[in-house]
Amino acid sequence: MNDESLSIIQTLFPFHVLVGVDGGIVHIGKSMAKVMPDAVGTPFLERFEVQRPRLSTMDEVRARCDELVLVGIRGTKLQLRGQFMQLPSGEMVFACAPRIVDQTSVWSWPVGIPDFAPHDGSADYAMVIEATNMQLNDLERLVNTLQEKERAERELRRVAEEANRTKTNFLANISHEIRTPMTAILGYAELLRDPSIDPTERTDYVETIRRNGDHLLAIINDILDLSKVEAGRFDIDMSDVVVPDVVRDVVRLLNVRAISQGVTLTHVIEGDAPRIPIRSDPVRIRQVLLNIVGNAVKFTEQGGVRVVVSAVPRGSRMETVVSVHDTGCGIPPEILPTLFEPFCQSDNSYTRRHGGTGLGLAISKRLATLLGGRIEVASEPRRGSVFTFMFESDVSGAAPAHPSEVEMPASRAPRGVLDGKHILLVEDSIDSQRILSALMSLAGARVDVASDGLSAVGRFDGTYCPDLVIMDVQMPGIDGIEATSRIRSRGFGGRIVALTAAALSQDRERALKAGCEGFYLKPISRADLLAICVGDAGSL
Amino acid sequence: MLGMVNHALQEMVTERHGATAWDVIRADAGVDDRIFVVMKQYPDEVTYKLAGATAKALGVSVPDALRAFGQFWIVYAERQPWGKVMHSMGKSVRELLPALNALHARIALAFPGVDMPQFRAEPNADGSLQVHYFSSRPGLGPFVHGALEGIGAMYGEVVEVSQLEDRAAGAPHDVFLVKFPEVGS
């Protein structure tokens, strides 16, 4: 074969093999040279096997020229597809290209796409195979996406079902917790209707009713707190706080109970850092501490409770840690994971014996989170527990506080505290009228009563000017908010406070907007009522 | 445009900025498809809208976003089965760039209806390469700029890519100069 012919063959078939008359390899194409660089000079049939049609001598090959043949490279799994062409010189050219079977065979050749002749469709086939691979990968991706979505939906369903179960259990527990004191109240009220009971029993019954009423109120307040926290409607009211003062207040408050149980209650302030005022909500800190210190006292029958306060300043931030150590009954390990769930107490008999709503820790945990902190617990049954309340806050910038004695507020207003006060009570419930007006009159006030909003508004003729209006909110006709608005429009500038059983924050906002200066919840204790009357009670 | 282009953009944004960022971009672009099928043809408009919304979300210009996407495109392509094809085309930037047109021609032939760009790579006397880019789609010069840089990164080679002719500035087509500073070119 002359050079010109060889060049044409080379261009058209870069994988070609030129076989001499004696059956030896005379020349191979440049792409084939990458596959078997030492082929030239060796017998063709020693290096190649003509597999289809199966031919074992060069004469047989020569007889089948121009047919499609499949040739394997001995010692490998590589195959070439092409045809033998007989040249006038007696030589034969095997014009061929790699056989591409599947994706694994494509890249087992030590050659790439540029080694194929441009006209060779085998390389296109390689592309199609890779595109198929890509589509398979894509399909897998789509299936994974679908499966992931299904998994997410299953998880959502599981969470929803779990939430539903929790809600059902919660409602069942609430129902039980409310019914228990309610049964006592109704039962003893029924007994009181008997005129023959002696005064001692009567007093005892009334005390039982009052105690159960208090407990019921505590449950309702806790449920409201919990629902407000969970609905994100619990406001954190930032002010300067000196944590040791709050701790001392809590300890002093709970010391009465500790003493009555024969348990010691002490507190320790570690270092000066805790006395640096921080920006936080003292009311909520107090609420959390009352709960965890109160629990510690409640569940400790021997030994004592120790409250340790420490703090670590971190630049403009302060990490405060209050740990409460008790020598109480401890908490069984199986209870610990659900300890902060509503109505979870390690032993229901303790609830009966020690009281409590079963909501305190649930509320405290959520409050701790709102305060930028958390509560951790470590406990050993029969040895005691350590509850640790830690939270981070900004340092206030106010001067460090010196240890101070915080006076307890007077819990009862003395008789005569409302001497000279003129109060209008707007209230549709006869029972409430009777109780509230009696309590205020006993304290020295002159009390007018209006049974609905319209009659209250009617009194304000320009000359009527009580010192205080106590306004029920839900009343027939115009409600207390509308009545307040109309009284204000008649020029009354004195104090009006709302007193309601509706504990929703929107009611409070509506009342304040209408002109009320305070918003208080029923039922209300005598002390709180008198404090409201003298303008000395914090509004909700 | 093949879905793989949109999918690659999605992968780039998701890997670097999170799935939420991609949701924001998709919503801003007004594209409903949550999943792109890689070998399906999508209207070019979808890709242009997604690229525009990506630039907006990342606070960069559209050309800058496209250039970053071009760089990522090579990363994306390399980890697809096409990666083997690309590597078979050449073992270096100098080998691959002249074969770039053959690669795209093969794809165009194997998949009728896919509108593939064309390339021509010409060696300069100083060893650098001029890469001519022809496309029916306007505005993708910065993408090719980034892709050329991405090819350099794929081979671990230092290349300097600059644009000599800009179709957006009125040139008949985009021309890029690829220099290899490590060999003094």
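Predicted model: local features only at pLDDT ≥ 70, side-chain atom pairs only at ≥ 80, totals over all residues.
**Figure 1. Strand β13 of chain A and its partners.** In β13(A), A:F391 is the bridge partner of A:T320. Strand β9 (residues 278–280) of chain A is another antiparallel partner, pairing with strand β13 (residues 384–395) over two bridges. In this pairing A:R279 stands opposite A:D394.

**Figure 2. A parallel sheet in chain A.** Five strands form an open sheet with parallel pairing, in the order β15-β14-β16-β17-β18 (chain A). At the edges sit β15 (446–450) and β18 (518–521) of chain A, each pairing on one side only. On average, neighbouring strands of this sheet are turned by 20 degrees against each other, direction ignored.

**Figure 3. An overview of chain B.** Now we turn to the other chain. Chain B has seven helices and four strands, and along the sequence they follow the pattern α-α-α-α-α-α-β-β-α-β-β. Of its 185 residues, 36% count as buried. Among the contacts in chain B with a separation of 6 or more, 56% are between residues 24 or more positions apart.

**Figure 4. The antiparallel sheet of chain B.** This open sheet has four strands in the order β1-β2-β4-β3 (chain B), with antiparallel pairing. Its edge strands, β1 (118–123) and β3 (160–165) of chain B, each pair on one side only. From one strand to the next, the twist averages 25 degrees. β1(B) and strand β2 (residues 129–134) of chain B run antiparallel and are joined by six bridges. One pair to look for is B:F119, which stands opposite B:Y133 in β2(B). Helix α6 (residues 93–110) of chain B packs on the sheet and touches β1, β2 and β4 (174–179) of chain B, with its direction at about 150 degrees to that of β1(B). Another helix, α7(B), lies across β2, β3 and β4 of chain B and runs at about 20 degrees to β4(B).

**Figure 5. Helix α4 of chain B and a closer look at B:L66.** α4(B) has 18 residues and reaches 25 Å from its first C-alpha to its last, close to the 26 Å expected at 1.5 Å a residue. Among its buried residues are B:A65, B:F69, B:W73 and B:Y76. The cover over the buried residues of this helix includes α1 (3–17), α3 (44–58) and α7 (141–154) of chain B. B:L66 is found in this helix too, which spans residues 62–79. B:L66 counts as buried because 27 other C-beta atoms lie within 10 Å. Leaving aside neighbours within four places in sequence, B:L66 is in contact with B:A51, B:L140, B:P142, B:F143 and B:G146. The C-alpha atoms of B:L66 and B:G146 are separated by 7.4 Å, although the two residues are 80 residues apart along the chain.

**Figure 6. Two nonpolar cores.** The largest nonpolar core has 76 residues, and B:F69 and B:V178 have the most contacts inside it. α4(B) gives the largest share of this core, eight residues. Not counting residues up to four places away in sequence, the residues that B:V178 touches include B:V93, B:L97, B:L148 and B:V161. Apart from this core lies another, of 38 residues, among them A:V288, A:L289, A:V307 and A:F389.

**Figure 7. Where the two chains meet.** The contact takes 17 residues from chain A and 19 residues from chain B. On the side of chain A that touches chain B there are nine nonpolar, five polar and three charged residues.

Methods
Residues numbered from 1 in each chain as written. Chains lettered and ligands numbered in written order. Contact = placed C-beta atoms within 7 Å. Nonpolar A, V, L, I, M, F, W, Y, C, P; charged D, E, K, R; others polar. Buried ≥ 20, exposed ≤ 12 C-beta atoms within 10 Å, placed from the backbone. Pairing = 2+ DSSP bridges. Axes fitted to C-alpha atoms, helices over the stretch in contact; angles between N-to-C directions. Core = buried A, V, L, I, M, F, W, Y, C linked by C-beta atoms within 7 Å. Expected span 1.5 Å × (residues − 1).
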